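Welcome! Please take a moment to look over the sequence and the 3D view before reading on.

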Amino acid sequence: MILNLNYRLLMQGQYPEYTLYLAIPLSAYDSFFQLPFVQTTIEQYQLKLVVYMPEQQEIIKWQN
């Protein structure tokens, strides 16, 4: 997530009209991204997520 925050800062400076989403596989979302400190980080930094299933190449959820 730290890399995402740094990348977001870079993109905001160069492409302020873009909206950056962090794409994560469903398995990571169901485990790591449900931990309380991760949920707090997502809320604190207002991260936008795209949850996907890699095998099916399917987006499951857009989280703004």
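Here is a short briefing that goes from the whole chain to a few of its residues.

This is a predicted model. The chain has 64 residues, with three helices and three strands among its elements.

**The chain as a whole**

- The C-alpha trace spans about 35 × 25 × 20 Å along its principal axes.
- Among contacts with a separation of 6 or more, 53% are between residues 24 or more positions apart.

**Surface and interior**

- Of the 64 residues, 23% count as buried.
- The chain exposes about 4,800 Å², and 56% of that area is supplied by carbon and sulfur atoms.

**Aromatic rings**

- The structure holds four aromatic pairs.
- One of them joins phenylalanine 32 and phenylalanine 33: the ring centres are 5.4 Å apart and the planes stand at 85°, so this pair is edge-to-face. The cut-off behind that label is an angle over 60 degrees.
- Phenylalanine 32 also pairs with phenylalanine 37, again edge-to-face, with 6.0 Å from centre to centre and 80° between the planes.
- Through such ring pairs, Phe32, Phe33 and Phe37 are linked into a cluster.
- How exposed or buried is each member of this trio? Phenylalanine 33 has a relative accessible area of 6%, so it counts as buried, because buried means under 20%.
- Phenylalanine 32, at 38%, is partly exposed, a value in between the limits for buried and exposed.
- Phenylalanine 37 has a relative accessible area of 51% and is therefore exposed, as that word applies over 50%.

**A residue in helix α3**

- Helix α3 covers residues 36–44, and glutamate 43 has its place there.
- Glutamate 43 is exposed, with a relative accessible area of 59%.
- Where does asparagine 64 lie relative to glutamate 43? The two are 21 residues apart along the chain, and their C-alpha atoms are separated by 9.9 Å.

**To take away**

- Along the way, you can compare buried phenylalanine 33 with exposed phenylalanine 37.

Conventions. Residues numbered from 1 in each chain as written. Predicted model: local features only at pLDDT ≥ 70, side-chain atom pairs only at ≥ 80, totals over all residues. Heavy atoms only, no water. Helix = DSSP H or I, 4+ residues; strand = E, 2+ residues; numbered from the N terminus. Buried < 20%, exposed > 50% of the residue type's maximum accessible area, 1.4 Å probe, protein only. Contact = heavy atoms within 4.5 Å. Areas by Shrake-Rupley, 256 points an atom, 1.4 Å probe, with all protein chains shown as cover. Phe/Tyr/Trp six-rings, centres within 6.5 Å; stacked < 30°, edge-to-face > 60°.
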